[in-house]
Amino acid sequence: QVQLVESGGGLVQTGGSLRLSCAASGITFRIKTMGWYRQAPGKQRELVAAITSGGSTDYADSVKGRFTMSGDNVKNTVYLQMNSLKPEDTAVYYCKMVRRYATFDYDFWGQGTQVTVSS
């Protein structure tokens with residue numbers, strides 16, 4: 001089974017920075033993508049950034065130029081560096097793994113970490 005543990009959230013002022021980490025354990029091969037999602041109160045969960053097994057990254061328009069996703073294959077950890085934070089970035093941030101096995105994709109989620117940006 002896969003376990004994803006996020007860390008690094010917290011309270012920061014507008015314009016500040018945070019780095020989120022997502023450590024994966026358990027079955028960590030045949031990973032298709034890793035992604036960061038967020039969910040603000042009263043809103044649907046949305047994709048923030050994703051990275052494929054080949055290293056390609058994709059970002060939501062709202063975070064392009066401010067957030068950077070990266071991965072460390074040795075540590076089985078992905079990161080989300082968040083700069084120039086805005087109050088609208090306030091949300092619970094979740095890590096997601098999509099694992100490909102026998103033509104099916106399986107999704108695994110972390111428990112989430114709270115990010116609060118004060119104005």
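The model is predicted, so local features need pLDDT of at least 70 and side-chain atom pairs count only at pLDDT 80 or more, while totals for chains, interfaces and linings use all residues. Residues are numbered from 1 along each chain as its sequence is written, and side-chain values use heavy atoms, with hydrogens and water left out. In short, you're looking at a protein with 0 helices and 11 strands, and its largest pocket has a volume of about 320 Å³.

**Overall build**

- The secondary structure comes to 0 helices and 11 strands, where helices (H or I, at least four residues) and strands (E, at least two) are DSSP runs numbered from the N terminus.
- Reading from the N terminus, the order is simply β-β-β-β-β-β-β-β-β-β-β.
- The C-alpha trace spans about 45 × 25 × 25 Å along its principal axes.
- The radius of gyration is 14 Å, which agrees with the value near 14 Å for a compact globule of 119 residues; it's taken over C-alpha atoms, and the globule rule is 2.2 Å times the number of residues to the power 0.38.
- Of the 119 residues, 39% are buried (buried means under 20% relative accessible area, exposed over 50%, partly exposed in between, with a 1.4 Å probe and protein chains only).
- Take the contacts (heavy atoms within 4.5 Å) between residues at least 6 apart in sequence: 55% of them join residues at least 24 apart.
- The protein exposes about 6600 Å², with carbon and sulfur atoms supplying 49% of that; accessible areas come from the Shrake-Rupley method with a 1.4 Å probe, and for residues only the protein chains shown count as cover.

**The largest pocket**

- A pocket here is an open set of points on a 1 Å grid over the protein atoms alone, where a 1.4 Å probe fits, with protein on both sides within 12 Å along at least five of seven lines; lining residues have an atom within 4 Å of a point.
- The volume of about 320 Å³ is the space filled by probe spheres set on the points, which are joined across faces, edges and corners.
- The lining has 18 residues, and Ile31, Met34, Ser53, Asn73 and Val78 lie nearest the centre.
- Two or more lining residues come from each of strand 3 (18–26), strand 4 (31–39), strand 5 (46–52), strand 7 (67–72) and strand 8 (77–82).
- Strand 4 gives the most, with 3 residues.
- By type, the lining splits into 7 nonpolar, 10 polar and 1 charged (Ala, Val, Leu, Ile, Met, Phe, Trp, Tyr, Cys and Pro are nonpolar; Asp, Glu, Lys and Arg are charged; the others, Gly among them, are polar).

**Loop residues with positive phi**

- Most residues other than glycine have a negative phi.
- Arg30, in the loop between strand 3 and strand 4, has a positive phi near 60° and is partly exposed at 45% relative accessible area.
- Thr103 also isn't a glycine, yet its phi is positive at about 70°; Thr103 sits in the loop between strand 9 (91–101) and strand 10 (104–109) and is exposed at 61%.

- Asp89 lies in the loop between strand 8 and strand 9 and counts as buried, with 1% relative accessibility.
- Leaving out residues up to four places away in sequence, Asp89 touches Arg38, Arg66, Phe67, Ser84, Val115 and Val117.
- Pro41, in the loop between strand 4 and strand 5, is exposed with a relative accessible area of 75%.
- Pro41 and Val92 are 51 residues apart along the chain, and 8.6 Å separates their C-alpha atoms.
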